[in-house]
Amino acid sequence: MSSKPTSASSSSPVLEVVGLRKSYRNPLTRKKLEALKGISFEIEPGTITGFLGANGAGKTTTIKCLLELAFADAGEVVYFGKKGLSNEAKAKIGFLPERPYFYDYLTGREFLKFYASISGRVARHELSSRITQLLERVGLSHAGDRPLRGYSKGMLQRIGIAQALIHRPEFIILDEPMTGLDPDGRHEVREIIREVANQGTAVFFSSHLLPDAETLCEHLVILKKGELIYHGRTDALMNQMASSWRVVHQARPGGVSEAQTVADIAEMQTCIDKIRASGGSIVEVSPQRVSLEEIFVKMAFDKKQSPEAQP
Amino acid sequence: MRSVLVIAGNTFREVIRDRILYGLIVFAIMLLFLSLALGQLSFDENIRLSANFGFTGIHIAVVVLAVFVGSTLVSKEIDKQTILTLLARPISRAQFILGKSLGLTAVLAVVATGLALILSAFLLFLGFKFTPHYLTAVFGVWLEAAVLLALALFFGSFARPMMTVVYTIAVFLLGHWVESLHFFIKKSESDFFKIGGTAITYLVPDLEAFNWRSAPVYAIDIPSGQIVAAVGASTGWVLILIALTVLIFRRRDFV
């Protein structure tokens, strides 16, 4: 779709969030509501990070604080190794908000041209070809000259993704990008996310659709009532939360393989030790995976889950 | 500056493509036609009556556009959340406000000029003698509308659109009364009225300073110093109001 973005600091995280806090006051009762309780995480270049949490967990508030659409009470945000959200950093970021409403008096082409112009990162001579390319990529070539007011919800979501990508960002933030899309549309968005990540763009997206997050994300950031309850690799979480382990072994080399299921890591170690002590060999040890959805539900009822888990 | 112009261009396109604008233009053209008809009611003043009423029509149309479109210019972006994708781009909130106001100010200029051209065609038909102050009168309408737009933006930065319209119209009415207020302050014996009235004269723009609509009708000359002072006053009010709007808007959370 585009050439790999050149990052000045390709090894340092594209985003570091340290102790982010945000509270709101109820306008009537003046009661303070803590929306974010000091969350910290980071996003590495070229990775896909899922941002999960139940409704009201603070996902959209976090995203708004990251983009200074709402101002955090405390905490630090570092983009591309530099403190704060400068215009230089903004030029490298693409953003799709939740429930996007766009300028419906513009055609798809005009809309993308407007965002490309405002980002200042697309040269005038390549603007038209870039727009054509993106419209094609999001499956809207046929609708580029139609006003957005005639677009369906799914089409608006697609043009929204296109505007987030028009200036070849190094980091994109997508707030519920799959919402309102049919299965084909979701598949298409998943493919686009994979594609941009393969080109070196870091993707941070919030979603309620856990199967999508499970298949797509290498990393997860999970919030619960404004607190970070997990930050780390998806597979580490899946293994950590696996309900059991399967140990396949042979009593003697080349013999018949037998499988044994054990409840946890300690029991698995004991089992392996026993097999080895009796002269057997281990063929395979694998966690009996549960789905991210099951883990998410379990975590929703559990206390804090190793927030220090690192990728 | 480029970002301001891109936003101004988009705002211009937004208002130009809005059906409300065309409704307003049709209303203004109907007023201009009415000015022709009204002129026929008088035996010897028919041209002046038509010109007078025609200028009033342009004034009403441009003021209504500034107040009503200006009052929703920013709130619409917030309500529809289009502001989120915009402010996530490399532009500041000040640039956003400047771009929005510049875009609508340009529309006000285009509408005022367009309506003035239509009125001039009517007046030409009636045999009106044009003076350069025909343009000065239209320019005055635009200067006033620019101040009202800045007021609408300022009120819109903390009030809902309905209240923004109410506040702006209140200032519009007071603004056209400031000259009379000066007179009443001189005549009044109440200290309270003198202090309160004087405060209002400082807090409210004198909108009659931009009223040159009688000049082309009655062939009155306008001293150039008066025009320069009015341009200065309009620019000053616009800059102060935009600065206050930016100040309020700068730390606003979009939740």
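Author: In helix 8 of chain B, the buried residues are B:Thr164, B:Thr168, B:Val171, B:Phe172 and B:Gly175. A residue counts as buried if 20 or more other C-beta atoms lie within 10 Å of its own, as exposed if 12 or fewer do, and as partly exposed in between, with C-beta atoms placed from the backbone. Seen down the axis of helix 8 of chain B, these buried residues fall within an arc of 105°, so they line one face of the helix; the arc is that of the directions from the helix axis to the C-beta atoms. The face turned away from this buried side carries the exposed residues B:Met162 and B:Leu173.

The model is predicted: local features need pLDDT of at least 70, side-chain atom pairs count only at pLDDT 80 or more, and totals for chains, interfaces and linings use all residues. Residues are numbered from 1 along each chain as its sequence is written, while chains are lettered from A and ligands numbered from 1 in the order in which they are written.

Helix 8 of chain B comprises residues 161-175, 15 residues in total. Helices are DSSP runs (H or I, at least four residues), numbered from the N terminus. From first C-alpha to last, helix 8 of chain B reaches 20 Å, close to the 21 Å expected at 1.5 Å a residue; the expected span is 1.5 Å times one less than the number of residues.

The buried residues of helix 8 of chain B pack against helix 3 (46-72), helix 7 (133-156) and helix 9 (178-187) of chain B. As for the partner chain, 21 residues of chain B are in contact (C-beta atoms, placed from the backbone, within 7 Å) with 23 residues of chain A.

Definitions and conventions:
Two residues are in contact if their C-beta atoms, placed from the backbone, lie within 7 Å. Helices (H or I, at least four residues) and strands (E, at least two) are DSSP runs, numbered from the N terminus.
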